[in-house]
Amino acid sequence: MNISKIRIVALDEILRGVKSKHVWFFSSALAFICILAMHYSTSLAFLFSDSGKIPFTYISFMIILIIGPFFILVTAFDSISNEVEKGTVRYIISKIDRASFMLGKFCSLFLIFAVLTFIVAIMGQVYTYSSGNAFDLERMILFWLFSSLYLGCFISIFIFVSTLSKNNKIAFTMSAILLGITIYFFMQGGNEYLRYLTPPYYAFAVSGTMKNTTGEIDYFNMIRNLVSMLLFIVATLSIDILTFKRRDL
């Protein structure tokens, strides 16, 4: 693994890659939906207990939790399988080691969505301030961290599927099935251990803090779930790299 090579792959994917426009479009669409929901939430203020304190951060956070994985699916499912299907992967790995190539792919997607969630976080505070409430830097940072890591978890999951797939059709089908399984596991409230295997478990655990605009922040709960999501990404990426190294291309 080489940091400079990871940076080269990531920058190439972000700025000059064939998929860059595709990824930027869907990530921007997700950010636009979040901002649109916050904008029109003022028209539905009667739905909140205190119309003067609309939880803009919570609104955008829930949108990311619910529909974010679907946007990640359509942008990440062919990260590796596209190179395999076209046959370009053999040339690439002759120049760059497999671990750097894999991590570069992940970093490119993660950085793009992190930038867009940061914009959403800022806009949430802009709407909060414009409605007469104080600027909340802590919740803005927490929103950005958890939104980025949550999406990062799914990026690592779908890259794993893409690594195993021979072509894009198989990768998309298997990614959709895996997303369905993840949602099913999360919904199984009686089987707590299954929920520990899903990113939504850790993200929804902090959604209450995003909704409560005036209460104190439970930092222990925040740090625990933040570390859990980081470990999830590290573990999944390690599996991704190991699988890619062992795959016959």
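UniProt, in an unreviewed entry, lists six stretches under "transmembrane region", namely residues 23–46, 58–80, 101–129, 141–161, 170–187 and 226–244. The structure looked at here is a predicted model, and two of these stretches can be checked against it directly. Residues 170–187 come out as 100% helix and 0% strand, with 26 Å between the end C-alpha atoms. Residues 58–80 are 83% helix, again with 0% strand, and here the end C-alpha atoms sit 34 Å apart.

Next up is a helix pair. Two packed helices are described by the angle between their axes and the distance between the axes. For α6 (residues 98–130) and α7 (residues 137–164), the axes come within 8 Å and cross at roughly 150°. An angle over 145° counts as roughly antiparallel, so α6 and α7 run roughly antiparallel to each other. As for handedness, α6 passes α7 in a right-handed crossing. The contact itself draws on 17 nonpolar residues, seven polar ones and one charged one.

Helix α7 also turns up in the second largest pocket, where α7, α8 (168–187) and α12 (219–246) each supply at least two lining residues. This pocket holds about 260 Å³ of space. Its lining is made up of Ile-157, Phe-160, Leu-178, Ile-181, Thr-182, Phe-185, Leu-197, Thr-198, Phe-232, Thr-236, Ile-239 and Asp-240.

Notes. Residues are numbered from 1 along each chain as its sequence is written. This is a predicted model: local features need pLDDT of at least 70, side-chain atom pairs count only at pLDDT 80 or more; totals for chains, interfaces and linings use all residues. Side-chain values use heavy atoms; hydrogens and water are left out. Axes are lines fitted to C-alpha atoms, for helices over the stretch in contact, and angles run from 0 to 180 degrees between N-to-C directions. Helices (H or I, at least four residues) and strands (E, at least two) are DSSP runs, numbered from the N terminus. Angles under 35 degrees count as roughly parallel, over 145 as roughly antiparallel, 65 to 115 as roughly perpendicular and the rest as oblique. A crossing is left-handed if the near helix is turned anticlockwise from the far one by less than a right angle, and right-handed if clockwise. Ala, Val, Leu, Ile, Met, Phe, Trp, Tyr, Cys and Pro count as nonpolar, Asp, Glu, Lys and Arg as charged, and the others, Gly among them, as polar. UniProt positions are given in the numbering used here, feature names are shortened, and annotations may be inferred rather than shown by experiment. On a 1 Å grid over the protein atoms alone, a cavity is a set of points where a 1.4 Å probe fits but cannot get out, and a pocket is an open set with protein on both sides within 12 Å along at least five of seven lines; lining residues have an atom within 4 Å of a point. Grid points are joined across faces, edges and corners, and a volume is the space filled by probe spheres set on the points.
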